[in-house]
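Here are my notes for someone meeting this structure for the first time. Please keep the view open while reading the points below.

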Amino acid sequence: MSEDKNKFSLSLLSLKSIVTWIGIGLLRIISLLPYKILMRLGDSLGLLIHKLSPHRKEISAININRCLQKEGDELNQFVKSNFQAVGRGIFEMAIGWWASDKRILNIKTRLINSHILKNQAEGALLLIKHSTHLELDLRLLSQYFNLTGMYKSQSNAVLNYVMIKARNNYIEASLTNKEGLKAARWIKSGKIFLYAADQDYGQNVSEMVPFFGHHAATVTFPALFSKKNTKIIFADVSNVKGTYEIELKELHSSQNRYEFLKGMNDLYQEFILKEPEGYLWMHRRFKSGLEENIYPKWSRRDKKRKKRRLKRQEY
């Protein structure tokens, strides 16, 4: 259970953590502002991030061009709109983490195909996408369903602590991405388990499957449940004209892993296109399995990741 693994320690109060705590404190205060004001602030913040993050901007442009075939001025404008969505997503994250239940209930939502998860005593794998408003998505879904899920530990220990502490208020229990085997037991016991299968988690746990017409490393974890005839449902949350539409769609089980994963990616494409500017395009979705790297080199970040990997090996 995530509660047991998220204990406060004095190391979170180190000098290098002070800036993070100040930022989180300011974000929590600002999140008390009305929703419309927060979204306007988010647009401005997104444009600032766009200017200050050339690597992320280039990665987003490559992905958008590759998946949506946008070029030139249209591509540049779409990338800006996407970064504005990222900026709004920071405040949507704050709302998801800290808003009262009353405030969450006042957010405009629409649940489509609610009958698919009418029987909540039946376990299910609930697939979600990496939208720019993912944290708010989780909070909105929790208003309708009792949820468990999986998370990836953040490199920033303070941010990781705050994220898990906030999620524990509306998610029943969660596992790290190193504890996937426990998910099967939870689902078998009747839990609804959240999982995002739309990023490149590396070739060792993936199969190359088309994604927007290009082969991409697609994590095989959901296919394990398909072979067991476990109920697998896609829960999409898209912001459509100011209303967060929660649409459920069941995936058909298949003993053929590739066919299941292809159908899963097709569904991801369908829901990404429902709100394309609100998808997290800055992830290197096509980093594995290609003969040539299509993304720019980011030596500073790569060095940090290598250092973290070596540190983990020491333990």
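1. Start with L33. In this predicted model, L33 sits in the loop that joins helix 1 to helix 2. Its relative accessible area is 34%, so L33 counts as partly exposed. L33 belongs to a nonpolar patch on the surface, together with L15, I18, I22, L26, I30, I37 and L41. The patch has about 690 Å² of accessible area in total. Two elements, helix 1 and helix 2 (35-52), each supply two or more of its residues. Helix 1 is the main contributor, with four.

2. Stay on helix 1 for a moment. This helix covers residues 18-30, and G23 lies in it. G23 is partly exposed, at 36% relative accessible area. Now look for G242, which is 219 residues away from G23 along the chain. The two C-alpha atoms are 27 Å apart.

3. Next, the interior. Nonpolar side chains tend to be buried together in soluble globular proteins. The largest nonpolar core here counts 45 residues. L127, F211 and W281 have the most contacts inside it. Helix 10, residues 257-272, gives this core seven residues, the most of any contributor. A separate second core has 43 residues, among them L12, M39, I246 and L248.

4. Which residues does F211 touch, once neighbours within four places in sequence are set aside? They are C67, A216, N265, Y268, Q269, I272, Y279, R285 and F286.

5. Helix 7 is mostly covered. It runs over residues 157-167, and eight of its 11 residues are buried. Those eight are V158, N160, Y161, V162, M163, I164, A166 and R167. The cover includes helix 1, helix 4, helix 6 (134-142) and strand 3 (147-151).

6. Check two backbone angles. Most residues other than glycine have a negative phi. Q69 has a positive phi, near 55 degrees. Q69 is in the loop between helix 3 (54-68) and helix 4 (72-98). Is Q69 buried or exposed? Its relative accessible area is 55%, so Q69 is exposed. N229 also has a positive phi, near 60 degrees. N229 falls in the loop between helix 9 (221-227) and strand 8 (232-240). N229 is exposed too, at 58% relative accessibility.

7. Turn to charge pairs. Side chains of opposite charge can pair when their charged atoms come close. The whole structure contains 14 salt bridges. One of them joins D101 and R139, at 2.9 Å from N to O. D101 is in helix 5 (residues 101-105) and R139 in helix 6, so the pair ties together parts 38 residues apart in sequence. D101 is partly exposed at 48%, whereas R139 is buried at 5%.

8. Another salt bridge links E122 with K231, with the closest N and O atoms 3.8 Å apart. E122 is in the loop between strand 1 (109-112) and strand 2 (124-128), and K231 is in the loop between helix 9 and strand 8, so this pair ties together parts 109 residues apart in sequence. E122 is partly exposed, at 35% relative accessible area. K231 counts as buried, at 17%.

9. A further salt bridge connects E245 and K274, with the closest N and O atoms 3.0 Å apart. E245 is in strand 9 (residues 243-251), while K274 is in the loop between helix 10 and helix 11 (299-314). The two are 29 residues apart. E245 is buried, with 12% relative accessible area. K274 is partly exposed, with 29%. Shared partners join R110, E245, E247 and K274 into one salt-bridge network.

10. Finish at D236, in strand 8. Its relative accessible area is 0%, so D236 is buried. The side chain of D236 makes a polar contact with the side chain of S238, at 2.7 Å. Neighbours within four places in sequence aside, D236 is in contact with K129, E245, I246, E247, F271 and K274.

Technical notes
Residues are numbered from 1 along each chain as its sequence is written. This is a predicted model: local features need pLDDT of at least 70, side-chain atom pairs count only at pLDDT 80 or more; totals for chains, interfaces and linings use all residues. Side-chain values use heavy atoms; hydrogens and water are left out. A nonpolar core is a set of buried Ala, Val, Leu, Ile, Met, Phe, Trp, Tyr and Cys residues joined through side-chain atoms within 4.5 Å. Buried means under 20% relative accessible area, exposed over 50%, partly exposed in between (1.4 Å probe, protein chains only). Contact means heavy atoms within 4.5 Å. A polar contact is a pair of N or O atoms within 3.5 Å; within protein, one must be able to donate a hydrogen and the other to accept it, and residues adjacent in sequence count only if both atoms are side-chain atoms. Patches are made of residues with over 30% relative accessible area and no salt bridge: like charges are joined within 9 Å, nonpolar side chains (Val, Leu, Ile, Met, Phe, Trp, Tyr) within 5 Å. Accessible areas come from the Shrake-Rupley method with a 1.4 Å probe; for residues, only the protein chains shown count as cover. A salt bridge is a side-chain nitrogen of Lys or Arg within 4 Å of a carboxyl oxygen of Asp or Glu.
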